[in-house]
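Please examine the sequence and the three-dimensional model shown below.

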Amino acid sequence: MAKKKTEPARTSYLKNIHTPADLRALPDEAIPALCREIRTVLVETVTKNGGHLASNLGAVELSVAMHRVFDCPRDHIIFDVGHQSYVHKMLTGRYERFSTLRRGGGISGFTKRSESEYDCFGAGHSSTSLSAALGFAQADRMAGSDAYTVAVVGDGAFTGGMIHEALNNVSRDLRLIILLNENEMSISKNIGRFATHMARLRRKSGYFKTKQTTSRVIKKIPLVGKALFCAVRDVKKAFKNAMYGSNYFEDIGLYYLGPVDGNDYEAVEALLTEAKKLGESVVIHLKTRKGCGYEPAETDPGYYHGMAPAGRVQGENFSHRLGSILVKLGEEEDRICAITASMSEGTGVECFREAYPDRFYDVGIAEEHALTFAAGLAANGYKPVTAIYSSFMQRGYDQIIHDIALQNLPVLMCIDRAGLNRADGATHHGMFDVSFLSSIPNVTVYTPASFAVLELAVRKALAEGKPAAIRYPNAGECARVKETFYPNGAPEAVGVRASYTPEDEVKAVIVVHGAMASEALSARDLLSEQGVRVGVLLAEYVRPYGKLADELLPLLPAGVPVVLAEEEIRAGGFGMMLSDALRRHPDFDGRELSVVAVEDNFVVQERDEPIRRSAEVDAEAIAKRIFDLLHI
C-alpha cells in the first residue's frame, strides 16, 4: 500500500490558522513548534521577496502571545511603523497569501486597513502608534466598550517626539497596553540583581493577586483606609527608587511591568494576561533579540533589517555616492556637517560618520528636530547637510518653511528615495517633495540624473550659501541616460540637457527631470517605431521655475507641443509649476503644454507590474499623450 502523503511538519500548525480563534484553540505544548514554523516561513519569504527580517524574527513570541490573550479585531493591536507585523499577518488569515509579501497586488510590508480588518490602523512611518492607540482607547471608553488596545512600540520609536507627546496624554483609566519592544538600544539603565528579581516576581500571577487583595483590604479600613493605602504606596515607591532608581513610565503615572525576555513565550503571555486583568493603562517592557532563531540574522541584524529581493544586484547608488562626495568635501571644508534621522546606512552617510565623527549627527527618528538643528548650525556659521528620505522629509514641512527658508539659512537638504518606490508601497513613495518644496520661497531644488551632476549640485549648493534641496532616487545611474545626455563626460555646470540638436526636425518635446529621463527615452523609442520623431530635454534642477523657463524656451523648436512628465503628484508639482512659468514668460508662443504626472491618488499597486505603469507615468503613457496631442 502506498504511503499517504502528509504535510511537511514545518506547516503542520500554521496552515490551519485562519483566525486568532484557531490560534487560541491550540494546546500550550504546540506553541514552540508553531513559532519554529513561523520563523521558517519568515526566512524563506523575506530572503526571496525582500523586507524586514531580523525585527520580525524577534517579534514571533510576542505576536503569538498577543493573539492568544486578546480578542482581535474586537481588541485592537497597533504596530509602530508596521514593519514588525509579518507574524501578525500570518495569524490573521493571510498565511496562504504570505508568499506575495511586498509584491504588486500582494500583502503589504506594513499594516494596511484596506487589507484586513485585523489591521486596525495603517502605518509605514515611526512613532505614530501610541497617538493612534490613544485615540482607539478613548473612543472605546466614550462608547462604553471594554475592548483593549495594544500599541507595539519599538525602542527606536522613542527617539521620535510623537511618542512622548502621546505619553503626556495617557490617562490611567484606559484599557491601553503599551508594549515596549526593546530590541536594539538600551532605554533602561542597568538595574542590577534586585530589579531583575523584582521583574521575575512581578510577572507571577501570585504577585498580582496578593497585591490586589492587599490593596482592597487596606482601602476598606474605616476612616483611614484610603490615606493608609496612599502612604504604603508612597513608602514602597520610595524604597524601590532607593534600591534601583525611579522608572520613567511610573514617574508619569503609568503602571509598569518588566523588563522580561520577549522571546520567552510563557513569560510574555503571563505578563499580557496579568496586564489585561488590571483594566488600566499599563506599560509592558520586553527585551527581544533581532533575528532570533536564525543565526545569520542574530549575528548581523543590521544587514537583515531591510533586505532587497533575492537576485537584485546592489551596486553603487546615489545614496552611496552622496556619502563619498561629502567625505571628500569634508576634507576640503571643516565646517561641513552631516545630519540624518536614524538612517545613516540607508542614506549613505555612514562613511561621513567614520571619517568625521565630531561633525556627524544621527538625531534618531526626529526629522523635525534634524531640520531645525541644521538651521541652528547654519545660523552659527556651519554648513549642515541633512540626508533624509523623501517620505520622511514631509514630516519637517513646517521646519523647512519657518526655520530654514524664512530665515534664508544655508541648509542643504538631500532628499533620498525620491520618486515612486515599488516594494514598500504608498507610505514610502517620494512623490510629494517637489510639490511642497515648489511653493516655498528661497529654496533651490536640484534633480541630478548622474553622479557627476550630483556632485556639481552639492558643491554649488554649499558654495551659494542658501537653502537648497537635492532629490535623487533609490537607484544608480542609468547607462542610457549617461550615454544620451553626457556623451562627453561630466558637465561643467548644472542646467538643461537636450537629446537633439536644433537641426533635428522633432514633432514634439518631452521635458523631464531626474530618474524619469529613462522613461522619456523609452517613450521616444516607442514613438520612433511609429515614425514620430521627438526630442527629450532633461532638467537638472526644477526650482526656481522662472530660471528654468528661461533655459528651456530657446531649446524648444517653434510651435511643437511639449509634454512635461514626472513621477510625482500633479498638484503643485513640476509639470504644473513649469507650465505656469512658461505661459507667463514673455517669449512664450502659445504652444500646447501637457502634463503627465501622478493624478489625485496615492499609487497603490493592484497588480505585479512596474510601479510607473501602475501610476500611469511610464513610457507608454508619455507616448500615448504625444499621439493624442498630434492627433495620430
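A residue is called buried under 20% relative accessible area, exposed over 50%, and partly exposed in between, with a 1.4 Å probe and protein chains only. The model is predicted, so local features need pLDDT of at least 70 and side-chain atom pairs count only at pLDDT 80 or more, while totals for chains, interfaces and linings use all residues. Residues are numbered from 1 along each chain as its sequence is written, and side-chain values use heavy atoms, with hydrogens and water left out.

Ile415 belongs to strand E9, residues 412–416; helices (H or I, at least four residues) and strands (E, at least two) are DSSP runs numbered from the N terminus. With a relative accessible area of 0%, Ile415 is buried. Contact means heavy atoms within 4.5 Å. Beyond its neighbours within four places in sequence, Ile415 is in contact with residues including Ile388, Met393, Leu437 and Tyr472. Between the C-alpha atoms of Ile415 and Tyr472 the separation is 6.5 Å, although the two are 57 residues apart along the chain.

Attention now turns to the sheet. An open sheet with mixed pairing is formed by five strands in the order E12-E14-E13-E16-E17; two strands pair if DSSP finds at least two bridges between them. Strands E12 (496–498) and E17 (593–598) stand at the edges with a single partner strand each, so one side of each has no neighbour in the sheet. Strand E16 (residues 562–569) and E17 run parallel and are joined by five bridges. Ile569 has Val598 in E17 as its bridge partner.
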